[in-house]
Amino acid sequence: MSLMLPSESPTARSIVGVAGDLFAALRGESATLPRAESVVLVLIDGLGAISLRAHAGHARALTAGMAKKDVASSVFPSTTAAALTSILTGVWPGEHGLVGYSVLDRSRGVLVNQLSGWESSGVDPASWQVAPTVFEQAAADGRPVFAVGVAAYAGSGFSRATLRGAEFVSAASPADRVATAYDLAERNPGSLVYCYLPEVDKAGHRHGIASRQWVSALEDVDAALARRVPPGVGVIVTSDHGMVDVPGHKQVVLESEHLVGVSSIGGEPRMLHVYLDPDVDAAEILSRWRRDLDGAADVGGHAETIASGLFGPTVTDAAASRIGDLLVVARGNGAVYDGTAADQRSRGMVGQHGGLTPEERQVPLLRFGAFAR
């Protein structure tokens, strides 16, 4: 079966416009936000709106007054490399080019891990991701710009692709990061401050969103955001994606007989980029994969997936070259694995994302401080 399009409009309350709205609010030009003296964008990695509502009792600061409309739609694929870059550049994956967790650099035949594999793959972040960041735009406007995050991420390739233009400030705990972000916003009028909280995502991947560890991480983040917002500072809290828990019996493992004609597999288990050998019958392989994965995943071809608009209204030549010859999106709470890969650690990951379910694509979009209703 071909890829099923999401039910919501791809342009309705998308995360793609969040940072742009914040920048506009600094100028008093936002159609959705009141003017603020400084603004803070808090990104809780991996927190879906559905899972947040389901655990509202553990996140009272976040969910107090949360309405049904306080939700935005993530991009496709619903994964950090694609979605966080869309938030921080204001453009769709088809334009910024980070179209999955890992993709093929066809010019060199090398799979590039777009979160942690920049250095080992020899890819230059500035030439691979050329869209201006919101930080570069704000700095060009003469505004102080800061990114508050975990120290280990300060010089990473992904940070250089997405945080260009910001002064990086590290802090250890979620509470410390939020406090630092609020302090920077208060002490630097007119500033744009970004605050990254990855703890919920990490707990979900390792233990699942039904685990006590995930709930504990959510409680820590909620407590951090319960602090008072300084006067005149507007705060938006959102996420890049949600996730689903994948039980062992929902794992589909592809063995060598399924992979005839396949040169490499990128993406992640909820959304695979499948790259084919030269001179194979792509239509035949597409038909075979649809038959083999019937009921477990939706499979689309390269051209039809781009034409569907899943990667956004515009897909550059560079982005198109990174998109798989086949796209495989797991249904429900399943996942698809390459059983021939040397590294099988991903099969031990409980919480996963990348697909098109509401649990993965619906994220909170919450207002605090000067933006509170």
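Tyr153 is partly exposed, at a relative accessible area of 27%. This value, like the others in this report, comes from a predicted model. Tyr196, by contrast, is buried, with a relative accessible area of 13%; the category applies because buried means under 20%. Tyr194 is likewise buried, and its relative accessible area is 3%.

The chain contains four aromatic pairs. In one of them, the ring centres of Tyr153 and Tyr196 lie 6.1 Å apart with the planes at 55°, so this pair is tilted. The two residues belong to distant parts of the chain, 43 residues apart: Tyr153 is in the loop between strand S5 (145–149) and H9, whereas Tyr196 is in strand S7 (residues 192–197). Another pair joins Tyr194 and Tyr196, whose ring centres are 6.4 Å apart; their planes make an angle of 25°, so the pair is stacked. Together with Phe135, the residues Tyr153, Tyr194 and Tyr196 make up one aromatic cluster.

Arg164 occupies the loop between helix H9 (157–162) and strand S6 (167–170). With a relative accessible area of 16%, Arg164 is buried, since residues under 20% fall in that class.

Leaving out residues up to four places away in sequence, Arg164 touches Pro125, Ala126, Gln129, Val130, Ala131, Thr133, Phe135, Glu136 and Ser159. One of these contacts, Phe135, is also a member of the aromatic cluster that includes Tyr153.

## Arginines over aromatic rings

Arg27 is located in helix H1 (residues 18–27). Its relative accessibility is 39%, and Arg27 therefore counts as partly exposed. Arg27 lies over the face of Phe23, 4.5 Å from the ring centre. When residues up to four places away in sequence are set aside, Arg27 touches Asp141 and Arg143. A separation of 26 Å lies between the C-alpha atoms of Arg27 and Arg160, which are 133 residues apart along the chain.

A further arginine, Arg322, lies over the face of Trp128, at 3.6 Å from the ring centre.

Asn188 is buried, with a relative accessible area of 18%. Apart from neighbours within four places in sequence, Asn188 is in contact with Ser38, Pro144 and Phe146.

## The four-stranded sheet

Four strands form an open sheet in the order S11-S12-S14-S13, and their pairing is antiparallel. Strand S11 (262–268) and strand S13 (297–301) are the edge strands; each has a single partner strand, so one side of each has no neighbour in the sheet. From one strand to the next, the twist averages 20°.

S11 and S12 pair in the antiparallel sense over six bridges and form a hairpin with two residues between them. Within this pairing, Val262 has Leu276 in S12 as its bridge partner. Although S11 stands at an edge of the sheet, S11 is mostly covered, with six of its seven residues buried.

Val299 stands opposite Val328 in S14. Helix H13 (residues 282–292) packs on the sheet and touches S11, strand S12 (271–276), S13 and S14; the direction of H13 makes about 170° with that of S13.

How values were computed: Residues are numbered from 1 along each chain as its sequence is written. This is a predicted model: local features need pLDDT of at least 70, side-chain atom pairs count only at pLDDT 80 or more; totals for chains, interfaces and linings use all residues. Side-chain values use heavy atoms; hydrogens and water are left out. Two strands pair if DSSP finds at least two bridges between them. Axes are lines fitted to C-alpha atoms, for helices over the stretch in contact, and angles run from 0 to 180 degrees between N-to-C directions. Contact means heavy atoms within 4.5 Å. Buried means under 20% relative accessible area, exposed over 50%, partly exposed in between (1.4 Å probe, protein chains only). Rings of Phe, Tyr and Trp (its six-membered ring) pair if their centres lie within 6.5 Å; planes under 30 degrees apart count as stacked, over 60 as edge-to-face and the rest as tilted. A charge sits over a ring if NZ of Lys or CZ of Arg is within 6 Å of the ring centre and within 35 degrees of the ring normal.
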